[in-house]
Amino acid sequence: MAEKTALSAQNRVGPDDPRYPSLSRGFNQRWIARPSEIMVVRTPEETRQALAEALKKTGNGQDRRITVRSGGHCYEDFVCSDDVGVIIDVSPMCGMHYDEEKEAYCVEAGATNWHVYSHLYPETGLALPGGSCYSVGLGGHITGGGFGLLSRQSGLTVDYLYGVEVAVVRPDHSVELTTATRDDDDPKKKALWWAHTGGGGGNFGVVTRFWFRDVPKPPSEVLLCALAWDWADFKDKSDFHALLTAFGGYFQKHQDPETPEGRLFAMLKLNHVSNGQIGMTVQLDAGAEGAKEVMDRFIRTVDGGIRPPATEQRSTMGEHPPIARMKRPRRLPWLTATQSLNGSGENRCGKYKSAYIRKPFTGAQIDAMWNHLGKGEDRFKPGRYDNPDSLIQIDSYGSAINDPELATATAVPQRDSILKMQYQVYWFPGDEKEADYVDWIRRTFRATFSATGGVPKTYSGTGDHNTDGCYINYPDGDLPGPEADGAAEPWPVLYYKDAYADLQQVKSDWDPHNVFRHHQSVRPKGG
């Protein structure tokens, strides 16, 4: 396709355009915007022009917000809300190629995880260690850190980010395309690159292109296993304690990415009891030494100490459908296995929360999860909570991610965790029980972390708590703000820890008018 140099009528989507209902919302149907215009861009130059026009339409971004959409997977109302005046949609900008000058692979910001897996891998044999949901856009996924099933083996997506091109608003309100790289001589440009290695999407400008160096090779084949346990077989919480303790203990013990155990990835889906099942999906490089024995030992470690018998997955579990006929591990080509897991769920409303976990769960944390997943005493009460699409997902973490040097080399400071949690609840638009669902996830989260003020307190080298804050790519609008009273840490600390002050400086340098903002955006210095 030839380089587009001027915005046309096709770029502009207004309320009367048939595309408007689709492009004014994202994956989470809870949030729908009503912008005056959506600008759909195909090139960096079109992006620059779109941002310049959006500034004129929104009083330089002060009257109404300017937001950016890539894959549309923002969980909160950061992109779609009533105060949005213009959405810049970069999704058609999804090409990728090798850049000889930068000696790096260039990936445009509208590409999705699946674009990289299905296009870059067949041509080069390389793949970014990104997420399992195929339709997640890289514009947000990468800038928030990015991780997936290959991350214990290869690290985070941003660990390979060499450069970024961003349309930024200068102090005189002009718009320019700026390229910043890891080895930039200009310290402010290098800081702009660094801010995109975990500082969150839509905070500093409109990303148009990324460049990656030393992109890793995924395994040729993997062992994939998907099993489940029926909730009806958990007669008391001792088996639940044993399951979670064994799961956490395994990953605490195995944090060396040079070993097969250190590369094994697993996700545990603690669905609400009304779902009927707890699920677990496991992936391991089939070419690793003794891979089958390692996989078998892991399953014995987790499953062998509990009485409920393992069975096949039958239930939808969060964003993933059941994976049938894989109770016994199967050997599959990596791309085939990735496609098997490639789900984003139905177009529903949702609410999410997250936590980094540094050590196995405490007994009190496991009790809280047991109770709020529907197995506590309130299960006997009339009108008790009942939503099968409520769950706590626990992903294995760490290993190659936990290089301490990367805690400052990138904007992702959580580099010694062994698990990452994602609390999820889903419902369809118009459900009269929406308030109950949101209340459930809030109560469950607070109860799990009641010992640290109702949030997963960050770790700075002291204290015996096992948490280390929250993940910006699973944003949670409930987290305390910087001005909130109380002992709980605010969201800037929970997401970014000590990196937040440096991110604020980047914000002041590159978005001094705070054009790109939402209620959890990085604030300029003094703002």
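Leaving aside its neighbours within four places in sequence, which residues is Thr-281 in contact with? Before I answer, a word on the basis of this talk. This is a predicted model, in which local features need pLDDT of at least 70 and side-chain atom pairs count only at pLDDT 80 or more, while totals for chains, interfaces and linings use all residues. Residues are numbered from 1 along each chain as its sequence is written, and side-chain values use heavy atoms, with hydrogens and water left out.

Now to the answer. Contact means heavy atoms within 4.5 Å. By that criterion, Thr-281 is in contact with Leu-224, Cys-225, Ala-226, Phe-265, Ala-266, Met-267, Gln-313, Ile-323 and Leu-341. With Gln-313 there is also a polar contact, side chain to side chain, at 3.4 Å. A polar contact is a pair of N or O atoms within 3.5 Å; within protein, one must be able to donate a hydrogen and the other to accept it, and residues adjacent in sequence count only if both atoms are side-chain atoms.

Thr-281 belongs to strand S12, residues 277-285. Helices (H or I, at least four residues) and strands (E, at least two) are DSSP runs, numbered from the N terminus. Is Thr-281 buried or exposed? Its relative accessibility is 7%, so Thr-281 counts as buried. Buried means under 20% relative accessible area, exposed over 50%, and partly exposed in between, with a 1.4 Å probe and protein chains only. Asp-439 in helix H13, residues 434-448, is by contrast partly exposed, at 35%.

I turn next to helix H9. The buried residues of H9 are Ala-291, Val-294, Met-295, Phe-298, Ile-299, Val-302 and Asp-303. Seen down the helix axis, these residues fall within an arc of 145°, so they line one face of H9; the arc is that of the directions from the helix axis to the C-beta atoms. An α-helix has 3.6 residues a turn, so residues three or four places apart point the same way. Among the elements that the buried residues of H9 pack against are strand S10 (221-230), helix H7 (237-253) and S12.

Finally, the cores. A nonpolar core is a set of buried Ala, Val, Leu, Ile, Met, Phe, Trp, Tyr and Cys residues joined through side-chain atoms within 4.5 Å. In the largest, of 142 residues, Trp-229, Phe-240 and Phe-298 touch the most other members. S10 gives the most to this core, namely seven residues. A second, separate core has 11 residues, including Leu-23 and Val-40.
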